[in-house]
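Reader: I am new to this structure and would like to go through its sheets. Where should I start?

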Amino acid sequence: MRISTLSIGSELICGEVTDTNAGHIAGQLLECGLRVLRHMAVGDSEPDIGEALDELALKSDAVIVTGGLGPTVDDVTALAAAHATGRRLVVNEELKEHIRSFTAKLGGGHASDRQAMIPTKSTIIPNPTGTACGFHFIHGGCFFFFLPGVPSEMERMLSETVLPFLCERVMHRQVILSSFLNVYGLSEPEVDGLLKGAFAGNHALRMSICVTFPWIRVTLRADGDTETAARTCLQDAVALVRERLGSAVFSKGHETMEQAVAGLFGRRGLTLALAESCTGGLIAKRLTDVPGSSAFFLEGAVTYSNGAKERLLGVPREILDTRGAVSPECAAAMATGARAAAGSDVGLAVTGIAGPDGGTADKPVGTVFIALAAPDGCWTRGFRFGGDRDDVRTLTAWTALDWLRRYLADGSPFPP
């Protein structure tokens, strides 16, 4: 079944509100073995809505529309649907009673009959949590479903009415299973190159690569006539991607980098201390966002000034005077100092120039040094991160966390 979605609202196309409804609908349909053919969004304009309905109907078996069913003058979806399909807009007495009853439960107030007007030859889609009931009809062989734009209301109406309606009318639905692999340390072209041709000829498997700064998500979707067939296909695909991308894959599903790091600390039974300069506590914040992080994270120091580095971490004055605070020697001293002060197994430090000022010819903005100290050694490396101040800080925090992940998993913070 070819299914399309239409999101209505001037606030959506003006960027004032993010459209989450289309994504939710697509995800729910996937779980039912159905795919969305296309998404479209238009403003609160009757001609635009009508044109969109006509266009989508030509290439769709079903169109799910959200938005524009409210009581205000700019809510013209029902009127546009009526005109586009040659129907009249009439007051539905059942809807009228629902609106008045629901309004009374909320403490009274004026109940507008505007929301009770729907196209003729339509069937009501009940709304248990709001006044804006939906409606559906068939026109030109295409099923049209109209739902309110309020996500909480739309989601319940979708699951209780629309999805069962569609599923009953699809004779054969594929089982569609998805898996997400999260990647850090490789660029999008590098990921694409490593995975090129991996699934050539495999028509049951679809792959997409999406950049979400500063990491990359590889999505795998497998189709099968049975769940066993789809799961086997997906498992083989995941194994192949892991083989080709190696340790750059830091987690699966919706597990974050910090959650992956916390899990490794828990399994290894080790502890951590941090010393941050340019990130200003960002690494500590991300780790402590993970529930239970107190089991491994002992303490963190934001040593922004040279005096703090010397006083709290024991960084020798000679290093600060001769090599500078942004240097591999200072980063190493910070990491070993943090580890010694806390009595932790691992010490991690970052120091750099996030900008926009402070850079020099030898050490431009974006220069960062990271160091990791552990019982089996101390590793230090310099980086030149691009972007603005926030980008530099974000990349520093991500890379530092990735160092922890790699060290705990493989015994070295550096990629092989």
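Author: Start with a term: two strands pair if DSSP finds at least two bridges between them. The model is a predicted one. With pairing defined that way, 6 strands make an open sheet with mixed pairing, and their order is β2-β1-β3-β8-β7-β6.

Reader: Which strands of that sheet stand at the edges?

Author: An edge strand has a single partner strand, so one side of it is left without a neighbour in the sheet. This applies to two strands, β2 (36-42) and β6 (123-125).

Reader: What angle does the direction of helix α3 make with that of β2?

Author: Helix α3 (residues 46-58) packs on this sheet and touches β1, β2, β3 (62-66) and β8 (142-147). Its direction and that of β2 make an angle of about 170°.

Reader: Which residue of β17 is the bridge partner of Val368?

Author: Strand β16 (residues 367-374) pairs with β17 in the antiparallel sense over 8 bridges. For Val368, the bridge partner in β17 is Phe383.

Conventions: Residues numbered from 1 in each chain as written. Predicted model: local features only at pLDDT ≥ 70, side-chain atom pairs only at ≥ 80, totals over all residues. Heavy atoms only, no water. Helix = DSSP H or I, 4+ residues; strand = E, 2+ residues; numbered from the N terminus. Contact = heavy atoms within 4.5 Å. Axes fitted to C-alpha atoms, helices over the stretch in contact; angles between N-to-C directions.
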